[in-house]
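This report looks at selected local features of one protein chain. Please keep the sequence and the structure in view while reading.

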Amino acid sequence: EHPVFVVDPSSGELSVSRAVPAHVRVVVLDHEHANEFVLGINVADNGGLVDGAMLTISVQNIPEPPKFVENPFPQTRHVQENSEIGTVCGAPVLAEDDDFGDNVGLRYNLTNFEEAFAIDHVTGEITTLKRLDFEKDEEYLVVINVTDFTGLSDTITIPIRIEDVNEAPVGVPSETFVPENAEANDVVWKSLSGSAASLLANDIDSGKWGQFTFAIVSQKGRYVARDNVWEDVDAFRIDSTSSSLCIASSNSLDFEAVPEYKVEVRVLDAGNMFDVFEVGVNVLDVNEPPEMPDVVYTHILENSVEGSIVADFGADYVDIDDQKSIDYSILRGSHGSKEKFMIEDTGLVVVGKNALLDYEDMKKSDIECFALVLEARDRGIAGRQLGGSFSRPLAATGEMRACIDDVPEPPAFVQAEYVLTI
């Protein structure tokens, strides 16, 4: 709307018009845009005579610094975490230098994070120098400098955003414990103190990638009676609330039969990345009562002497620690029979001292057999590492029916001496 140049009508002084906005003058008076202007100037006297001349104005070149194309609103670059070294981080960073054209001689340099990134000094392409970790640094503000032949420069800050990539969780192997008398839904222990053991895994991801679940892949038990072979079992399950191994059903554990298990667990994150790890389960021995027959029938000849064997009532030990550590006693017996018999340390029942076993006396009293209640009690050795109720001495009882068999006996005079008078 206004001419760039104006001439004073009186003095003939030529100048740049102040009416032209500054931002327009910068564009118009640009050596690289137009290096000269040709003006037609007329001069007239008071008599109306006129003369004209052509005036050429040259625009002098002043060195100007290069300018980044993206300033002042640079575009964010993106690169995935764990990318290979040398991965390109988005489009090159470009600058322009109107003084030289074609951007010849521009040189790009990083001024920070030189340990993580590199820039091509000619093209402005940014690449990685190491594997980047989203969980450590989510974004870098990389400062780049561009310099021309004259040393003039410009600076730009480029955001480089590290994109999160799902990484597999890592399960934590562990050794756990459980007493053999554990019931269904009881949780395995992380120590002998009885504190619950939770399944553990590490995942460096955050957000949705950092969420994971556990599932049993396989479980095996070591069977002692089968030469310690490991066989598939179904003894455990995972409690989804506590993420703990727990017992699948009651009465399923037996220290003497299967003292340890190996459970393979898979940890799976929300991005279907997974790891498989092993949890060992050690079954703890708990004191169990010895086993005795409910009823044993036996026969013994009348008049048997002290020490004569009546029956072998030895109990079967369940806990290996109870071998040769079971105490026997006769709790009670019918018709005074408790005093007629005794039980040895081995569980062998024999005729007692001064015992009188008389078939005819028993018949007169209408007694066929003596009934005795016998007890086998352990010493609470098994389970002592746990203590308390796990090692309380336990007992089992059984009944012995001892029947006295008749033995032919010679007749006997009623009295030892008879006196006759003839």
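## The second largest pocket

V7, D8, P9, G12, I41, N42, V43 and A44 line the second largest pocket, where a pocket is, on a 1 Å grid over the protein atoms alone, an open set of points where a 1.4 Å probe fits, with protein on both sides within 12 Å along at least five of seven lines, and lining residues have an atom within 4 Å of a point. Strand β3 (residues 36-44) gives the largest share of this lining, 4 residues, strands being DSSP runs of E of at least two residues, numbered from the N terminus. The space in the pocket comes to about 160 Å³, a volume being the space filled by probe spheres set on the grid points.

## Basis of the model

This is a predicted model, in which local features need pLDDT of at least 70 and side-chain atom pairs count only at pLDDT 80 or more, while totals for chains, interfaces and linings use all residues. Residues are numbered from 1 along each chain as its sequence is written, and side-chain values use heavy atoms, with hydrogens and water left out.

## The disulfide

A search of the whole structure finds 1 disulfide, defined as a pair of cysteine sulfur atoms within 2.5 Å. C369 and C403 form this link, with their sulfur atoms 1.7 Å apart. The pair joins distant parts of the chain, since C369 lies in strand β27 (residues 369-377) and C403 in strand β28 (residues 395-405), 34 residues apart.

C403 counts as buried because its relative accessibility is 8%, buried meaning under 20% relative accessible area with a 1.4 Å probe and protein chains only, exposed over 50%, and partly exposed in between. C369, at 24%, counts as partly exposed.
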